[in-house]
2 protein chains.
Amino acid sequence: MMKSNEQVQVSLRSSFWNRFREVVCQEGIPYQWKALNDELPTASPSHCMQNFRIAGGKAAGKFYGCVFQDSDAAKWLEGVAYSLTWRPDETLERLADQAIDDIVSAQRPDGYLNTYYILNGMENRWTNLMDNHELYCAGHMLEAAVAYYQATGKRKLLDAMIRYVDCIDSAIGPEEGKRHGYPGHPEIELALMRLYQLTQDPKHLKLAKYFVDQRGQAPLYFDEECRAMNRRCHWLDGPVGYQYYQAGKPVREQEDAEGHAVRAMYLYSGMADVALATGDESLSEACKRLWNSAVHRRMYITGGIGSTEYGEAFSFDYDLPNDTCYCETCASIALVFLARRMFRLDPRSEYVDVMERALYNGIISGMQLDGKRFFYTNPLEVLPQACAQDPHKRHIKPERQEWFDCACCPPNLIRLLTSLQDYLYAVQGETLYVQLYAGGRLEAQLPGGKLCFTCQTEYPWKENVCFVCDGTEPVQGDMALRIPAWCSGYTLSVNGIPVEEKPRMGYVHLRRVWKAGDKVELTLAMPVTLYQAHSAVREDQGKLAVMRGPVVYCLEEKDNGSALHRLRLGGITGQDFRAVWTDELEGVIALESPGLRELTEACGEEALYAPVSEASEKAVSLRWIPYYAWGNRGTGEMCVWVRR
Amino acid sequence: MMKSNEQVQVSLRSSFWNRFREVVCQEGIPYQWKALNDELPTASPSHCMQNFRIAGGKAAGKFYGCVFQDSDAAKWLEGVAYSLTWRPDETLERLADQAIDDIVSAQRPDGYLNTYYILNGMENRWTNLMDNHELYCAGHMLEAAVAYYQATGKRKLLDAMIRYVDCIDSAIGPEEGKRHGYPGHPEIELALMRLYQLTQDPKHLKLAKYFVDQRGQAPLYFDEECRAMNRRCHWLDGPVGYQYYQAGKPVREQEDAEGHAVRAMYLYSGMADVALATGDESLSEACKRLWNSAVHRRMYITGGIGSTEYGEAFSFDYDLPNDTCYCETCASIALVFLARRMFRLDPRSEYVDVMERALYNGIISGMQLDGKRFFYTNPLEVLPQACAQDPHKRHIKPERQEWFDCACCPPNLIRLLTSLQDYLYAVQGETLYVQLYAGGRLEAQLPGGKLCFTCQTEYPWKENVCFVCDGTEPVQGDMALRIPAWCSGYTLSVNGIPVEEKPRMGYVHLRRVWKAGDKVELTLAMPVTLYQAHSAVREDQGKLAVMRGPVVYCLEEKDNGSALHRLRLGGITGQDFRAVWTDELEGVIALESPGLRELTEACGEEALYAPVSEASEKAVSLRWIPYYAWGNRGTGEMCVWVRR
C-alpha cells in the first residue's frame, strides 16, 4: 500500500510550469473570482457566490445558474487553497475566508448545504440524485474543505462539510429508511476518501464504499427515482442508457469506459481510492479494466477522452474522430486524477505516461496562454467554417471562450495547476518515484530519513535533467526515475558513472545511500517522432502525428495557410524536422519540416470530380507548434493528424 | 424555347431499367398501396388513405400521420398514372379510380382539399404555410391529377384539383385581402407549371410566378406568420435560418444552394419552369447560379445532395462528409427533375450528365433490389456499429427499411422509375436529343416528320449503342447524341461511315434525311476510371473513387472483409481492374482489382499510438460492386472512397 503524497515537499521552479502557475494565480484566480461574482461584463452570468449569500440571508434574490453552480466556487476555493501552500497571499486568503463565510452561512441547521435546493425548495432535496448534482456539489465542496484545511489549518469549512457529510449519511445509505441512492455525477466518492485520509473516521470510508458498491445494483435506484418522480431518463432513448452515468450495472461488472467521460473518471478515481483503502481486489481489477478501455482504445493522442458530444461521452473502441470529438478539459484533468490513483494501486510508469500526455497537451490546451479564456472541448482538427455552419460541430469552438454557462472547466484548471507540484513525485516504502520532470527542489520523507534534491531541467523542451542531492545527512533510499514511454533512448549516470540498471515497470531504480553533492544526470533523447494510430482508428488511417518528447504538435493556418487538409508529409521522417526555440507563444520549441501541398490547380475549380491525375503538389515548409498553444494567434484552421 | 417532352413516344426495352420498372410495378406499387392502407403488419403506420376516407365521411376516425401525409397518396397515384401509359392494367386503374374517389370525396365545397386541416380544424388552414406543407401536398396532388389525366383521359381528379387551385388562389396572392404567403416546402410551383402547360390558363402561370417572386421578399411572410401565431421558427437558432426554406431572401438574390435539399430542388425546378415560360432572364440566371452551387460544389459523386442531417440540408462548399451525409433519395430524384428543366433552359449535356449520375447511383440505391425496402439517406461510407452507437449517425441506416414515418422517398422512387422513359430523349426544333442510352424504340415528332428508331444497347454495362431507323418515310432531322462527360473516348458511325463531327455543348449532331435502315453505331469506351475529388473536399483527400461508365462502385464488407478503412489501392490504375459479369445482385458488372490491406499486427493490439513503422500490408484482391446495389446481402461496412 502506498501512502499519500504529503511525504514529499516540492518547491517548483520550472520555467514551463511556473509560467502557467503564475498566470493562474495572477490572472486566473482573480478573473474567475470576478466571474463567480458576475463582475465580467461580457461573460455568461454565474451568480454562484450570490446564490450562497442569498441562501445565507445576506442578500435577496433567487437561485440562478446550473444545478451544480455551487461546485464552481468549490473548485475555485480548492485551487486557492493549493496556491496558498506555495504562494502565500494574505489578501487572497482573506478573500477565501470571506467566501467560506458566505458558503457556510448558507448551511441549514441539519448540515445541509446546497443552494439550489435551499433556494428552490428543501422538500425536494434528495429526489433527483440522478441529474441534479447534489452529491457532486457536496463532493467538490468537501475537496475544497480538506484542501483549505491542509493549506491553512482553518477548520471552518471542513467542520461544516463534515456536518454536511453526516447529513448526507443520515439520508442516503443501505440502512432501512434511507434512500438507497448514489450520485448521477460521481465525485463525492473520491472526496469522501480524501476526508477519510484526513479523519480516519470509518464512517467516511463506509459511505464512499457504499456509493461505489451500490452503484448500478438491481433494482436500479435511478429507475425507482424516476418512477417516484414521474420522470423519464432521456438517455434511455439513446444507445448509452444508464451507462451515461456509469450506473447501468454494478461497477465491478463494467467492462468498458462508457458514458459521460468526466463522470467516468471521477467514479473510477473514487473506486481506486476505495480499492486502495480496503484492499478490494475485485475493485482494483475493475479499475484496471476500465483504465485499459479508456486509455488503450478510447483516448486521443493528446490525452483527450470523450469521442462524442452526445452525452459528452465515450463512444466505442477506436472511434476517435478528430473534428467532432468532445475531449472536455475536465475529462483530461480527471484522467490525471485517475492516473495518480492507479499508480498508487499498481506502481507502473504507464499511468504516469498518460498523466504526462494529458498534462502537456489536452489539458493546458484548455486555457489561453494569458489565462483568461478557455476551451471546454479540445478538438484535434478545426475548420472554423464548420464550427459556424455545421450544427453537429457547434460544440467545437475555434477560439477559447471567456466563460461558460456550464463553467466546470476553468476552475478545474485552477485546482490542477495550483497543485501540480503534488504530481511530480510519489513515495512508496523507501522508494521515491520521480514521475514528472520539472525544475525545483524536493524533500522526501523516507524511512531512512529525509531525501533532498534540487532538480535542474528545461523539460519538456530540453533533454537533460540533473538532480543534485543537498541533504544534510546521508540517507538510504531508492530513487526511481521514470523512463517515459515516448523515450526510446536515454542515458543515466550517478556522479558521472553510467547506470547499467534496466528499467523495471518503467522506472530505473537507484538504490544507495545518498549524500550531499550526489549528482544524477539523466538525458531523455527527444528526437521528433512521427506517430501512427492503431490501424483500427479509422479517422487517423494514412495519417501521422508529430511529437517531440511528451509534446504533441499541430499545424495552424496562421503558419501554414488555409486548407490544411491539402498538406501531407510526403514520406519525411522525424530526422527531417528542425526544432527551433521561439519566444512566440510565451516561448516554445516550434518545429520546421518539409512537406507537400496539393495545388488547387490539380483539379480545376469547376470539376468537383475528375479522373485521377498525377498529384500536382509543391514542396512547402511546414511549421508546427505545440498543440496546447493552438488558437492563441487568432482564429483559423488547426490539425494534429496529417496525411503521410 | 423548348417544348415539353410529349413529342417523343418511347417504348423502353432496357434489360437494366425494365427490371427496375417491373419490380416497381409488380412489387412496389402494390406494396406501397398496402403501406398507404396500413396493411403491412410490421411497417410504420401510414393511415394516408384512411385520412381521405374519414375526411370524405366514408369512415370514422381521426387524422393520423405527418402534416404532409396526403402527399404519399399523390405520389403513388402519379406513379400509377405513368405506369398505365406503358403497362396497361385494368385492375390497377380501377384501384386508382377508387383512390381518386376517396381523395375527391374529401374535398370541401369551396375546393379545399387537405385532410390534415379538414380533420383538425378548417379554421386553422393557411395559418402555417411555413411548416405545415399544405401547398406542398396540393402540389403533389396536382402533379398526380395532371399525370392521371394524361395517362387515362380521366378528369375527375384534375377538375377537383383545378378547383382546389382556385381555392388557393382566392386565399393567397399579392392582392389585398389575401395572405401574401408561399409554401415552406416548395412543390406547388412546378406543379402549377405542369397544370399551366396543360391548361394554358394564365392564372395558373400567374400563381406559380407569384409564389416564386414573392418568396423571401421583405417583410418576410414567415416572420409575420410566426408573429401572428405566436410561434418561433426554430431554424433561426441555427446557422441556416429562413434559408432552410430557401426563403431568407428573394430567389433572384440567392447565391448558394442552401437549406433543405429537397425543398431547394423543387423550388429551383419551379423557378426554371417559370423562367422558361416567361423568358425571365434574371430567373434563369438564378437557376444557373443555384445549379452551379449545388452541383459543382455541394454534390456527392453519387449524385447525392444534402451534406448534413441538420435540416436534411446543404451545408457549405466542398463539405462532403461520407459517413454523416444526408443524401436523401428524394433530393437526388428532385435533382433529376431540376436537371431536366435546366436542359430545357439551356441545352447542354452537363445537366444530363448529372441526371445520369444521380439515376444510376444515388437514386436507385434508395430501393432494395426486390423493391420492398428503402433507404431515406444514401451514405457513401457505412460502419454499422457507428450507426448503432453514434447518435450523430443515427440517420444513417446500414440496411434499407420497410417504411418510414415520413415516407416521402418510396413513392418518389415509384413516380420517377415509372416515368423514366420520358427522360431518355428531348426534342427541340428539329433536333432530337438522345439523353440517356437505353434499349427500346422511339418515335419523335419533328418538324420534318416522324423520326423512328430502335435502340439496342446493354448500357450501362456494355459500350455499344446502336440505333436503327425504322420509319416509313425519309425524315429531315438532327439527331444529337450525348457524349457523356465520363467518356473520354468514343467512336461513332452512320451506316458504317465514321462521323468526324465534334461534340457541341456535349452533343454530336447528326443532321440528315433519315431513311429506314439507317444505322447509327456509337461506342462509349467504358474503361474503369479512378476519380479524385476537388482538392477542397477534405473528406476525400488522399482517396479515390471507382467508376465504370456512369456507375459508381463501392467496396462491401461481404466481399472484402471488415475494417474497410484498412484497405488502400496502392497505386493501381484503372487498367488493373477486371470487369466481370455476375448474376448476383440481379446481374451486374462487378470489378476486381488488386489492393493492399494493412495488417493489424502493424501496430500491436495494445498500442493505441506508436512510432510510425513501415506499413505492414498484404496484397489482397478487392471486389467492387455498383454502389446502387450495396446493402442487398445483409448488413456490413461499405465505402465508396478508398485511400490511394
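## Helix 9 of chain B

Helix 9 of chain B covers residues 202-214, and at 1.5 Å a residue its 13 residues should span 18 Å, which agrees with the 18 Å between its end C-alpha atoms. The expected span is 1.5 Å times one less than the number of residues, and helices here are DSSP runs of H or I, at least four residues, numbered from the N terminus. This is a predicted model, in which local features need pLDDT of at least 70 and side-chain atom pairs count only at pLDDT 80 or more, while totals for chains, interfaces and linings use all residues. Residues are numbered from 1 along each chain as its sequence is written, chains are lettered from A, and side-chain values use heavy atoms, without hydrogens or water.

Buried residues of the helix (under 20% relative accessible area, 1.4 Å probe, protein chains only) include His204(B), Leu207(B), Tyr210(B) and Phe211(B). Among the elements covering the buried residues are helix 6 (134-152), helix 8 (188-199) and helix 11 (261-278) of chain B. Just past the helix, Gly216(B) has a positive phi of about 75 degrees.

## Trp17(B) and its contacts

Trp17(B) and Phe467(B) have the most contacts inside the largest nonpolar core, a set of 239 residues. Such a core joins buried Ala, Val, Leu, Ile, Met, Phe, Trp, Tyr and Cys residues through side-chain atoms within 4.5 Å. Beyond its neighbours within four places in sequence, Trp17(B) is in contact (heavy atoms within 4.5 Å) with residues including Leu359(B), Ile364(B) and Ala438(B).

## How the chains relate

Terms used:
Buried means under 20% relative accessible area, exposed over 50%, partly exposed in between (1.4 Å probe, protein chains only). Helices (H or I, at least four residues) and strands (E, at least two) are DSSP runs, numbered from the N terminus.
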